[in-house]
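Subject: Structure for you to look at

Hello,

Here is the structure I said I would pass on, with my notes below it. Please read them with the structure open.

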Amino acid sequence: MIVLACMKKVVLSGIKPSGIPHLGNYVGAISYWVGLQNQYDQAIFPVVDLHAITVPQTPKVLTEQTYLTAAIILASGIDPKRSIIFIQSHLPAHSELMWLLTTISTMGELNRMTQYKDKIQKTSSTEGVGVGLFTYPVLMAADIFLYQANVVPVGEDQKQHVELARNLAERFNKRFGKTFVVPEPILRKEGARIMDLLDPTKKMSKSDTDSGCILLTDSPEVIRQKLMRAVTDSGTSIKFDPNRKGLHNLLIIYKVLSGKTESQIEKHFAGKGYRELKRELAELIIAQLSPIQKQVDRYMKNKKRLDALLKDGAKRADKIAQKTLADAKHKIGLI
Ligand code: AMP
Ligand code: TRP
């Protein structure tokens, strides 16, 4: 207990600038991080651009999305003085530690990653798949280990990757002596898997930018339209029931954003129809996103300020990262 109390507790999570961040990212990750940053001694949130390029990106679009993602994190309430926000590729230590970790990772364990399996299935065979998509979870482990993160808040889809990181940390420590903190994934009790509005059997995702995905940059009009078209069912009562997937997804979003309990929500919507739920949910989302969007616009119009904040973040991050990297190299026996 005494040892625990003395140890600095670190929380870390990342987001890929591979598209425009969406409501699933906000509900499952970013809004969760905002609450967590005050509960830990250090909170670190890299924009992981090296992960984004594991699938083809258009260079100019990638640059813009990287700025946009950083601006959204900041505008959502991550405090750049208290927390560390930076761009992953600004720190060579991530790629360097990744290389060291690939030497203790096995083909078999990477082959078992469901996200990789899903992604290769979706890629047309003529395009081929980059090796980076396969080794991606090792880079993610490096992101986590460099800062000795104790907890890693993620959405459901990333839990398996954090578990792989745990195994790698334990393996490295066993082989070379205690070097890395073994990280723990934490998931938001609700909202860790927000579903597509048009197909509630699949998660809302950046790769499907159709009308089933609410982008954090969508205008109020577009948000209303997308919600009105959301798939529900032929029932009438508004009740939390995981089997009624479309309705349940809308209610979970409502619950997380409103902070109300399930019984309060069911009572509120008693005798009302799906149309009313969609209408109220749209207004709730718009009310939360509007101030964030205004702030994002300000950042995007002042890239100098954004650059300065990110540079400062990278500097602070590098101090921590270099220490861990040097220790790992030394333990392996590199001169
Ligand atoms: P990504 O956009 O893949 O970089 O994801 C950034 C964070 O958002 C990760 O913690 C993901 O697990 C989380 N996330 C992505 N999609 C969803 C979703 N549909 N519901 C909840 N969390 C999500
Ligand atoms: N792989 C994560 C995703 O796709 C993003 C990520 C990269 C990450 N490095 C991380 C998340 C480290 C948590 C910790 O969402």
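Gln293 is in contact with Leu216, Thr217 and Asp218, leaving aside its neighbours within four places in sequence; contact means heavy atoms within 4.5 Å. Gln293 sits in helix 13 (residues 274-301) and is buried, with a relative accessible area of 18%. Buried stands for under 20% relative accessible area, exposed for over 50%, and partly exposed for what is in between (1.4 Å probe, protein chains only). Helices (H or I, at least four residues) and strands (E, at least two) are DSSP runs, numbered from the N terminus.

Before the rest, a note on the basis. This is a predicted model, in which local features need pLDDT of at least 70 and side-chain atom pairs count only at pLDDT 80 or more, while totals for chains, interfaces and linings use all residues. Residues are numbered from 1 along each chain as its sequence is written, chains are lettered from A and ligands numbered from 1 in the order in which they are written, and side-chain values use heavy atoms, with hydrogens and water left out.

Gln65 belongs to helix 4 (residues 59-75) and is buried, its relative accessible area being 12%. Not counting residues up to four places away in sequence, Gln65 touches Pro17, Ser18, Gly19, Ile20 and Gln57. From Gln65 to Asp318 there are 253 residues in sequence and 23 Å in space, C-alpha to C-alpha.

Lys203 is in the loop between strand 5 (184-186) and helix 10 (220-228). With 29% relative accessibility, Lys203 counts as partly exposed. Its contacts, again without residues up to four places away in sequence, are Asp157, Arg193, Ile194, Met195 and Asp196. Lys203 and His330 are 127 residues apart in sequence, and their C-alpha atoms are 42 Å apart in space.

Helix 5 (residues 92-102) has Ala93, His94, Leu97, Met98, Leu100 and Leu101 buried. Seen down the helix axis, these buried residues fall within an arc of 160°, so they line one face of helix 5; the arc is that of the directions from the axis to the C-beta atoms. An α-helix has 3.6 residues a turn, so residues three or four places apart point the same way. Pro92 and Trp99, on the other side of helix 5, are exposed. The cover over the buried residues of helix 5 includes strand 3 (84-87), helix 8 (131-145), helix 9 (159-176) and helix 14 (303-332).

One backbone detail: Gln148 has a positive phi, near 50°, and is a residue other than glycine. Gln148 lies in the loop between helix 8 and strand 4 (151-153).

Now the protein as a whole. Its secondary structure comes to 14 helices and 5 strands. The radius of gyration is 21 Å, close to the 20 Å that the globule rule gives for 335 residues, so the protein is as compact as a globular protein of that length. That radius is taken over C-alpha atoms, and the rule is 2.2 Å times the number of residues to the power 0.38. Along the principal axes, the C-alpha atoms fill a box of roughly 70 × 50 × 40 Å. Of the 335 residues, 50% are buried.

Regards
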